[in-house]
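Open the model in your viewer and keep the selection tool at hand. Each stop below says what to select and what is there.

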Amino acid sequence: AVVSTQSTGYRLLDWFIPGVPFLNVMPHVFNSLEKELDFVSEGTNSELCKNELKDLDFLHVPAVHWKLTSKRILTMDFAEGISLIDAEEVKAAGFRSKDIMTKVIRIFSEQIFRTGNIHSDPHPGT
């Protein structure tokens with residue numbers, strides 16, 4: 001169902017924006033989606049990321065609970081936090097946007113330039 005919906009979406013984009021080869025990226029997107037929906041793979045990647053970035057004391061990567069994880073279920077530690085979308089709450093907690101962005105840039109720079117493994121879809125939770 002997801003693949004069919006995406007395929008239809010790409011065909012619509014191709015129709016609305018002619019000349020942009022959306023259909024050419026479909027095989028890559030489907031392959032990525034299949035990997036993204038494999039939660040054993042996601043858990044493994046999470047642990048790899050956690051290990052490779054362990055020297056960044058400001059970064060917390062929740063632990064994976066492997067006995068409760070399967071290809072379709074990923075179970076991790078709960079981490080209390082603040083949604084970055086809520087600017088007032090972030091400010092009230094004493095955080096500065098510039099400091100947050102500096103840390104985000106550092107995290108991605110470490111992955112791009114040092115480890116070579118880029119976890120490009122960090123999920124903020126709710």
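**Ground rules.** This is a predicted model: local features need pLDDT of at least 70, side-chain atom pairs count only at pLDDT 80 or more, and totals for chains, interfaces and linings use all residues. Residues are numbered from 1 along each chain as its sequence is written, and side-chain values use heavy atoms, with hydrogens and water left out.

**Stop 1: the nonpolar patch.** Select L12, L13, W15, F16, I17 and V20. Together they make a nonpolar surface patch of about 620 Å². Patch members have over 30% relative accessible area and no salt bridge; like charges are joined within 9 Å, nonpolar side chains (Val, Leu, Ile, Met, Phe, Trp, Tyr) within 5 Å. Areas come from the Shrake-Rupley method with a 1.4 Å probe, and for residues only the protein chains shown count as cover.

Helices (H or I, at least four residues) and strands (E, at least two) are DSSP runs, numbered from the N terminus. L12 is partly exposed, at 45% relative accessible area. The scale: buried is under 20%, exposed over 50%, partly exposed in between (1.4 Å probe, protein chains only).

**Stop 2: the salt bridges.** How many salt bridges does a search of the whole structure find? Four. The criterion is a side-chain nitrogen of Lys or Arg within 4 Å of a carboxyl oxygen of Asp or Glu.

Select K71 and D38. Their side chains meet in a salt bridge at 3.3 Å, N to O. This pair links distant parts of the chain, 33 residues apart: K71 is in the loop between α3 (39-52) and α4 (87-92), D38 in the loop between α2 (26-36) and α3. K71 is exposed at 52%, whereas D38 is buried at 18%.

Next, R96 and D99. They form a salt bridge at 3.7 Å, N to O. R96 is partly exposed at 48%, and D99 is partly exposed at 36%.

Then E110 and R114. Their closest N and O atoms are 2.5 Å apart. Both lie in helix α5, four residues apart, about one turn of the helix.

**Stop 3: Q111.** Stay in helix α5, residues 97-115, and select Q111. Is Q111 buried or exposed? Buried, with a relative accessible area of 2%. Leaving aside neighbours within four places in sequence, Q111 is in contact (heavy atoms within 4.5 Å) with C49, L53, G116, N117, I118 and H119.
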